[in-house]
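Hello,

The structure we spoke about is below, and my notes on it follow. Please read them with the model open.

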Amino acid sequence: MQREQLEVDVLIVGGGPAGLSAALRLAQLQKQQGGEPLAIAVLEKAREAGAHSLSGAVLDPSTLRDLIPDFMAKGAPLAAEVHKDHVYFLTQSSKIPFPIIPPPLQNHGNYIISINRFVQWLASQVEAEGIDFFSGFPGQDILMDGARVLGVRTGDRGIGKHGEQRPNFEPGVDIVAKVTIFCDGVRGNLTKELHRRLQLGAGRQPEQFAVGLKELWELPKDRLAPGTVIHTMGYPLRHEEFGGAFMYAMPEGQLSLGFVVGLDYKDPMFDPHMAFNRFKQHPFVSQLLEGGQMIRYGAKALPEGGWNTIPRVYMDGGLIAGDAGGFMNSMRLKGIHLAMRTGMHAGEAAFEAIRAGDTSAASLKRYQDKIDNGPVKQELYPVRNVHQAFGHGLFPGLMYSGLALVTKGWWIQDPMRAEPGHEEMKTLARYYGSEQAAPAQASNTTLVDRKLTFDKLTNVHFSGTAHDEDQPAHLLVHTEVCHSICGNEYGHPCVRFCPAHVYEMVDDGQGGKRLQINASNCVHCKTCDIMDPYGVITWVPPEGGGGPQYNGM
Amino acid sequence: MKIAVCIKQVPTREWQPRLNDDKTWIREQDVSYEMNEPDAYALEEALRLREKHGGEVVVCSAGPARVQQVIREALARGADRALHVEDDGLGAADAFAIADALAGAMAGEKFDLVLTGLQSDDQGHAATGVVLAERLGMPHSTIIMEVQVSDGGLRIKRELEGGWFQWITMPLPALLTIQSGINQLRYATLKGIMAAKKKEITKVPVAAGVERVQQIAALAFPTKSKQTQMIAGSASEAAKELVRRLRDEARAL
Amino acid sequence: MILVIAEQREGKLNRASLETIAAAQQLAGSMPIKVAVLGATTGSVPADLASASVAEVLVGEHPALQPYTPDGFVMAVQALIEQQKPQIVALPHTYQTRDFAPQLAARMRRALITDVTGIKGSGATASFSRPMFQGKLTADVNPRGDAPHIVTFQIGAFRADAMQKGSSAAPVTKVDVAIDASKIRQKPEAPFQEAKAAVDLSQAERIVAVGRGIKSQDNLAIAEKLAKALGAEVAASRPICDNGWLPMERQIGSSGQTVAPKLYVALGISGAIQHLVGMKGSRTIVAINKDADAPIFEVADYGIVGDLFEIAPALTTELEKS
């Protein structure tokens, strides 16, 4: 098929904090140093900047200060300065405050933000520099020549449900670039492909992930002072499950409420969304939410593994920045400032390499040097084993974390080992003692009152997610395990770990069950791509523009 | 042919309504916008007519700065240039104020054909196009399903209720309001998006004397003032009772 | 005085005009109501209209009014308004009204409020309710500026059978409507019928919708029989269309069609919010589901908790009897 080709100097895939920071940094260097103007393009799969951006979030403004010193004057949408931190350990009916706020969770000097509004603002800064921002264009495939990244092919548009070309069919475009910066987010589909082709994870610890479910609530205006930050651990998670919750109070009674669970849990019957509902039913939380209204819902995976799981992030013609590279401090629960920082470094490295006329891996290694010699390693190295320590249980994790503050992360076994999270899930037989002994699967719709707690389908309605119906399903399931062994081995965990009711086992009309994929409910969180115990689900981008609409998230 | 397409920016279909504090308009924070769907079909029709008969397609839009979003999308799909009547007050204005604002900017251009969507997905007055035609001194027809151009004239297919249609002949210049689904919308290509940045968007201030004809006293969520009536009994008893109530109470039969 | 402009085609009255008279009667307060009908010939329409409780029926006949053109009708109605000097001009919100009422209002520089579903108060200070944002919100709107104000009423929002009849026939008066035929710029041909390629559920007056509770494709026949007895279209919630049991055009909900028919019967539909947003504007909603906690009952006017495989056929039988 004849495809159009577009040539640029730097192609940035992903218009989140990392990609936009890379673009802005490139524009700044261009202005400072002059020379032949660089052609720069940013690809973003969402309909508009920020639509797919979801996070807590409490922002460490250090990178923002470096990137845009006059961010206040430029109207950066920082909802509230943090005034008060609370950390609690929850039991089923009570809450126990931590004796001191653990230093990583001390947020003095940080800001509560909506990442969706923040990314919209960053994108407006990028567009003001005249950089092409192509929203509604996902990166579908990588263009490679051997080990060299040549660029990215965007997704075809106008393909019908059964793979046929519709009358308005529009083939994807091949965008070739001297340097491609991959900022396609946690478990980015292109970065995943780079891992496979270039063995980027060789010599590293396996990547680790968590899933975060979030709701935006509107409460009576006097309920919580803006700038209040609350973190909890404990109920409803058991010691074998990693995670906790957050509540960040913004002005006008808006509250960001979220629940994070490690995607390495052992119980195949565990359902993160049900755990989120149980969390909301805890008296501390339900009282806080009394009289309020849920106005938005969403979910996204988080890259939790830390420093030792970060892959090689530079290659011939390519760099990886942001969540796609795993640059998150899971102990501080912060990744936005690191995404921005690595984005800036990537922009600088790309600029220098292009000016030097050499975009090989050897030349682009300067990106790794900036990471190693700067604030990124400085922050991530001392906490490199924290997530893996929690893999041994809640208390070992807490103890190690406390210790790590003093010992800068030293441990007998360094790096601390952990298995890929989806391999931690035990079979029904091993966890419950028998395939038949699995507890009667509580329906997703039980114990919800649709005021405080919601079933997945109702929640997903409030994610604003929408996809053109007439297109093939973008969740690819590669084998027949769903209909052969999965039921007996794991009891179809996809039905439970997907927070958006995409996967369903329905009557096949012949006495059995078949897998139904409700692709248009997908919120692009990547949990299924990560957590399926057989590793047979691949998330590919749906037609550009489809997905959630995370306004205010 | 010099063709104008009037395009409105409206909240997306997935938008969950929130009201402002005095409940006279929507809360504009966190609203996502898109091109009004019938207007997108009008734009597509204009692009096809230009492909067939030559000429230029000019996008005309009235509203605050944010409507640049849909103007640029129209330019990216292939429109040649744009007129933007920029004014914050036009975001919530009724059809008459908007038509007057557009007419002020468009009158000097001497368009051969003006296309609008049949109504907007936000306020839905179904009036802007027709009022605009009157202001521009053009004949009009509404809810158009097909457009044929010949020497100095038009033959158009208008939709009537109940599966009826009608062909109408009119001279040019004229204004048509276009029905959704009349054609297949094309995507904006990457090259189109890049080219759009260089296309001319002329900003025009609102002419004096543009006035609203109606005022929104209150905006509210539709309330159901009814109670659900549960009907018990055996299948045949319940069926009988339901039919009775539908016929006598609800008058739904 | 309220002037109702009735709609007729070839001597047949459009029943929506009776709804408009009913609305005018609610709006009038102490104002008298006159009904006007226009056309080349109006047949027995004036006599039909005269049975309503109105002060007078005005007949404006002119050869240039057949066929209907917006230019012709605007001239005629404007002439009528200048003669009769009403405070309010009321019309049904039909395709024809949408074609000429905005032109009339623009030419006379008077307020026009369209698609009205409710009236608050009465007389010259009444305010009008109309849907906005695809029915997600309702606005109460006041017209501005001088009389007359022009108001169009949503089809079906007021009931033709709620129109009060007069104790005796109202007087029927022929009026002169001066039209300059040379100023009519449209040349319409005769209307014709065409089967629309896709079903348009938004035009259906009654809908029977099925959900997961129908269990299998074979059971659709139960819904189809009920639909036939009701004179209704068949529609479905999302899972039914995903299974391919009914085509996508029959899907009701956030990823399908939004409808607001006179009657919506939901068979075996639980009422997920994605479905509710597509149908909760329906005038009368009947829900049949075996789960008493199904959310569909929250929006239903009438609900039956039970087995649809027994209740739906019983309904069909009952309807066929009457």
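**Domains of chain A**

In this predicted model, the C-alpha centres of domain 1 and domain 2 of chain A are 29 Å apart. On the side of domain 1 of chain A that touches domain 2 of chain A, the elements giving two or more residues are β3 (58–59) and α3 (115–128) of chain A. The contact involves 19 residues of domain 1 of chain A and 22 residues of domain 2 of chain A. The residues on the domain 1 side comprise eleven nonpolar, four polar and four charged.

As for the bounds, domain 1 of chain A covers 5–69, 118–204 and 311–383, domain 2 covers 78–115 and 207–303, and domain 3 covers 421–539.

**Chain B**

Chain B has six helices and 13 strands. Its C-alpha trace spans about 70 × 45 × 40 Å along the principal axes. Of the 253 residues in chain B, 48% are buried. Among contacts in chain B between residues at least 6 apart in sequence, 69% join residues at least 24 apart.

**A helix pair in chain C**

Helix α3 (residues 70–84) and helix α4 (residues 95–108) of chain C pack with their axes 9 Å apart, at an angle of about 50 degrees. That angle makes α3(C) oblique to α4(C). Their crossing is right-handed. From α3(C), the contact uses C:P70, C:F73, C:V74, C:V77 and C:Q78. From α4(C), it uses C:D99, C:F100, C:Q103, C:L104, C:R107 and C:M108. By type, the residues of this contact between α3(C) and α4(C) are seven nonpolar, two polar and two charged.

Regards

Notes: Residues are numbered from 1 along each chain as its sequence is written. Chains are lettered from A and ligands numbered from 1 in the order in which they are written. This is a predicted model: local features need pLDDT of at least 70, side-chain atom pairs count only at pLDDT 80 or more; totals for chains, interfaces and linings use all residues. Domain bounds come from an automatic or database domain assignment. Two residues are in contact if their C-beta atoms, placed from the backbone, lie within 7 Å. Helices (H or I, at least four residues) and strands (E, at least two) are DSSP runs, numbered from the N terminus. Ala, Val, Leu, Ile, Met, Phe, Trp, Tyr, Cys and Pro count as nonpolar, Asp, Glu, Lys and Arg as charged, and the others, Gly among them, as polar. A residue is buried if 20 or more other C-beta atoms lie within 10 Å of its own, exposed if 12 or fewer, and partly exposed in between; C-beta atoms are placed from the backbone. Axes are lines fitted to C-alpha atoms, for helices over the stretch in contact, and angles run from 0 to 180 degrees between N-to-C directions. Angles under 35 degrees count as roughly parallel, over 145 as roughly antiparallel, 65 to 115 as roughly perpendicular and the rest as oblique. A crossing is left-handed if the near helix is turned anticlockwise from the far one by less than a right angle, and right-handed if clockwise.
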